Amino acid sequence: PRAPQQGVSVPQSGPTADPSDAVASTYEQVRRIGAGLADVLKGEMDYQELLFPRGSFEAVRPFYESNVLASTYNAATVAAAEAVAAQLPVGRKLHVLEIGAGTGGTAVQLLPVLAPHCERYVFTDVSESFLRRSSRRFSRHACLETAILNIDVDPRLQGFGLHELDVLVAA
């Protein structure tokens, strides 16, 4: 990978640390989705096929994991979660809930840092497909649980209790 210019801070997260790769990936997503948007709006194409061609997450993964905005947001989220973990009493483990975890773009950064401090990391989304893929992808983290959560419906009606969490991530 090419070295960043002197004085430019580039987050070193996601599958690539080369900023030109991240920019190219973001541009490609905008170009591809923009080109198909009219077909989606006219009902001639399913929006899921546009976002996830042939059901693959590979086309969108760089957009959620390594573009400059995602990398910056994820770095801030990791720093905040580390600060919470550092304040825990000895022996106390974290209970984390991620809302709208989707493709795992935030979890891929958070789980390696928080897993040693977690009793539960609940990865939620409204899509069973996202949950199945993420369950496989992050299976090495024993604290990981996946669950359907529709935030438009009272979480208590979906099996989530009050005062259960130390960290809530709204990705």
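Is Lys42 buried or exposed? Lys42 counts as exposed, with a relative accessibility of 55%, where exposed means over 50% relative accessible area, buried under 20% and partly exposed in between (1.4 Å probe, protein chains only). The structure is a predicted model, in which local features need pLDDT of at least 70 and side-chain atom pairs count only at pLDDT 80 or more, while totals for chains, interfaces and linings use all residues. Residues are numbered from 1 along each chain as its sequence is written, and side-chain values use heavy atoms, with hydrogens and water left out.

**Sheet and helices**

- An open sheet of four strands is arranged in the order E3-E2-E1-E4 with parallel pairing; helices (H or I, at least four residues) and strands (E, at least two) are DSSP runs, numbered from the N terminus.
- Strand E3 (144-148) and strand E4 (167-170) are the edge strands, each pairing on one side only; two strands pair if DSSP finds at least two bridges between them.
- On average, neighbouring strands of this sheet are turned by 20 degrees against each other, direction ignored.
- Five bridges connect strand E2 (residues 118-125) to E3 in the parallel sense, and Val122 stands opposite Glu145 in E3.
- Helix H4 (residues 68-86) lies across strand E1 (94-99) and E4, and runs at about 170 degrees to E4; axes are lines fitted to C-alpha atoms, for helices over the stretch in contact, and angles run from 0 to 180 degrees between N-to-C directions.
- Helix H5 (residues 107-114) lies across E1, E2, E3 and E4, with an angle of about 170 degrees to E2.

**Arg32 in helix H1**

- Arg32 belongs to helix H1 (residues 19-41).
- Arg32 is buried yet has no salt bridge, and the nearest side chain of opposite charge, Glu28, is 5.0 Å away; Lys and Arg count as positive and Asp and Glu as negative, whereas His and the chain ends are not counted.
- The side chains of Arg32 and Gln29 are joined by a polar contact of 2.8 Å (a pair of N or O atoms within 3.5 Å; within protein, one must be able to donate a hydrogen and the other to accept it, and residues adjacent in sequence count only if both atoms are side-chain atoms).
- Not counting residues up to four places away in sequence, Arg32 touches Leu50, Leu51, Pro53, Ala59 and Val60, contact meaning heavy atoms within 4.5 Å.

**Salt bridges**

- The count comes to seven salt bridges, each a side-chain nitrogen of Lys or Arg within 4 Å of a carboxyl oxygen of Asp or Glu.
- Arg31 forms a salt bridge with Glu28, with the closest N and O atoms 2.6 Å apart; both residues lie in helix H1, three residues apart, about one turn of the helix.
- Asp39 forms a salt bridge with Lys42 at a closest N and O distance of 3.9 Å, and Asp39 is partly exposed at 29% relative accessibility.
- In the salt bridge between Asp166 and Arg92, the closest N and O atoms are 2.9 Å apart.
- This pair links distant parts of the chain, 74 residues apart: Asp166 is in the loop between E3 and E4, and Arg92 in the loop between H4 and E1.
- Salt bridges that share partners join Asp39, Lys42 and Glu44 into one network.

**Positive phi values**

- Most residues other than glycine have a negative phi.
- Arg54, although not a glycine, has a positive phi of about 55 degrees; Arg54 is placed in the loop between helix H2 (47-51) and helix H3 (61-65), and is exposed at 75% relative accessibility.
- His163 has a positive phi near 60 degrees; His163 is found in the loop between E3 and E4 and is exposed, with a relative accessible area of 81%.
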